[in-house]
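Work through the exercises below with the sequence and the model side by side. Try each task before reading its solution.

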Amino acid sequence: MSPPFTVDFEIDGRSVSLETRPDRRLLDLIREDVGITGVREGCGGGECGACSVLLDGRLINSCCMPAVQMKGCNITTIDGFAKTEEFTLIADAFAEAGAVQCGFCTPGFIMATAALLSHNPRPTDEDIRTGLSGILCRCTGYTMVIEAVKIAVEKLAAANLQFNQQTPTSKTMKATSLSPQTIADAIRLLNQGYRPVAGGTDLIVRRHALLKSEPKNAGTGNLFSCRQIVETNRMYQENGRLNIGSSVSLTDIIGFPGCPPLLRKALSSIGSPGIRNAATLAGNICNAGPAADSLPVLYMLNAKIHTSGGSGTRDISIEDFITGPGRTLLQPDELVLSICFKIPDEAAGEHGWIFKKVGTRAANALAKLSVAALWKNANNTITDFRLAIGACAPTVIRSFEAEQLIIGSTTRELEQHLPQYLAVYGKLIRPIDDQRSTAAYRKNTALKLIEHIIKTAGNIHRNENKKW
């Protein structure tokens with residue numbers, strides 16, 4: 001068993017202090033220990049949003065958040081929000097639009113609406129769809145929900161009500177045994193068998209499922225939080241490169257002015273707002289899933305992973321760092337500190353990029369396959385070309401052979417040698433059949449997308465429809 005761990009936080013205006021496992025879900029703390037049952041468990045995997053709460057003003061899925069990350073946080077649940085005038089107006093708007101139906105998903109929708117309108121009081125339809133994309137409705141009432149948000153906007157404006165802007169706590173917290181503030185303390189915990197967590201949105205789901213199905217094999221729950229380590233929380237540009245700390249959330253990366261649009265689009269396809277507010281780029285990398293949405297872009301940008309451990313620091317190229325599904329070069333006593341890559345110069349020449357994710361739905365879905373590409377066309381000659389494919393092999397596919405064949409080619413040469421390029425990629429694409437897709441579909445679709453990208457880079461579409 002893990003040693004006693006005490007977590008203290010604010011919830012709905014009151015302070016609580018609980019002794020629990022570090023890997024205990026926030027959802028369980030709220031429902032079972034604090035006794036707030038308006039926060040509901042639906043899928044238990046971060047997909048339905050029924051368990052949504054606000055953490056320091058940001059929407060999160062409480063089923064994906066570990067207790068070890070909660071120390072010092074401020075949490076608002078549907079029960080606490082229900083005591084406000086803003087809630088009354090939003091709830092009235094949902095009733096007026098007929099958006100309540102069975103009601104199971106309604107708390108999630110209301111909390112997502114509150115999170116959206118707190119930073120965007122006049123959202124467009126697209127903003128509303130994005131803001132609510134993590135909440136699933138079994139009654140298929142999305143059109144009425146969108147209308148409800150529009151009505152809520154007008155009701156709040158008419159009442160001259162504005163949400164109190166909450167930002168993540170800026171106070172310096174005392175270091176605890178499981179929230180180290182230095183790399184050295186983190187490495188000591190690693191050597192004691194503890195596992196680091198920054199977002200936890202995937203790890204906690206898997207650990208909870210294991211705890212339910214095989215409690216004897218679920219381990220001790222020994223986790224520690226990286227959130228207080230300064231080096232993991234920094235994001236900055238330096239000498240044309242972007243450095244992203246391993247504890248920086250996907251939402252903060254997306255909102256960073258120096259984030260390349262290609263990476264921003266890929267990260268925006270990961271999960272939902274409630275997931276992206278907690279999840280990290282380092283977590284997406286260290287999971288080493290072939291379908292991870294960020295990986296094709298990071299391979300293409302020649303990203304390096306900066307680690308620190310008992311033997312010192314290392315800078316490892318991402319194609320070397322990930323060795324197979326779920327496998328990396330990270331040693332048991334090593335911690336990922338940051339991810340670094342050169343920012344593409346999109347102003348030089350005729351520069352283009354594409355990121356395409358093929359999934360079962362527009363939001364919060366695992367990729368059947370994904371393709372990312374970056375190129376520069378100067379005077380109908382390709383001077384730079386990079387392409388990476390996800391979910392079609394044990395690791396991301398990037399063919400330097402094909403890229404070198406394409407670079408330097410004119411528009412005419414690209415068209416002439418297109419079958420040769422596709423043949424090179426075709427040999428590398430080795431997908432599998434699984435619950436998301438067949439191998440044949442993945443390979444055929446990947447090759448069609450590659451053909452489209454090469455033609456787009458070379459401006460040789462002619463009469464083809466350029467839309468996906």
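**Exercise 1.** Compare the reach of helix α3 (residues 85-96) with the span expected at 1.5 Å a residue, and find which of its residues are buried.

*Solution.* Step one is the length: α3 has 12 residues, and its first and last C-alpha atoms lie 17 Å apart, close to the expected 16 Å, where the expected span is 1.5 Å times one less than the number of residues. Helices here are DSSP runs of H or I with at least four residues, strands are runs of E with at least two, and both are numbered from the N terminus. This is a predicted model, in which local features need pLDDT of at least 70 and side-chain atom pairs count only at pLDDT 80 or more, while totals for chains, interfaces and linings use all residues. Residues are numbered from 1 along each chain as its sequence is written, and side-chain values use heavy atoms, with hydrogens and water left out.

Step two is burial (buried means under 20% relative accessible area, exposed over 50%, partly exposed in between, with a 1.4 Å probe and protein chains only). The buried residues of α3 are E86, F87, L89, I90, A93 and F94. They cover an arc of only 165 degrees around the axis, which puts them on the same side of α3; the arc is taken from the directions from the helix axis to the C-beta atoms. An α-helix has 3.6 residues a turn, so residues three or four places apart point the same way.

**Exercise 2.** How many of the 14 residues of α4 are buried?

*Solution.* In α4 (residues 106-119) the end C-alpha atoms are 21 Å apart, which agrees with the 20 Å that its 14 residues should span. Of these, 13 are buried, so α4 is largely enclosed by the rest of the structure.

**Exercise 3.** In what order do the 5 strands of the open sheet lie, and which strands stand at the edges?

*Solution.* The order is β8-β9-β14-β10-β11, with antiparallel pairing, where two strands pair if DSSP finds at least two bridges between them. β8 and β11 (312-317) stand at the edges with a single partner strand each, so one side of each has no neighbour in the sheet. Looking at one pair, β8 (residues 235-238) and β9 (residues 241-245) are joined over 4 bridges, and Q237 has L242 of β9 as its bridge partner. Between these two strands lie 2 residues of the hairpin, in which N239 takes a positive phi near 55 degrees.
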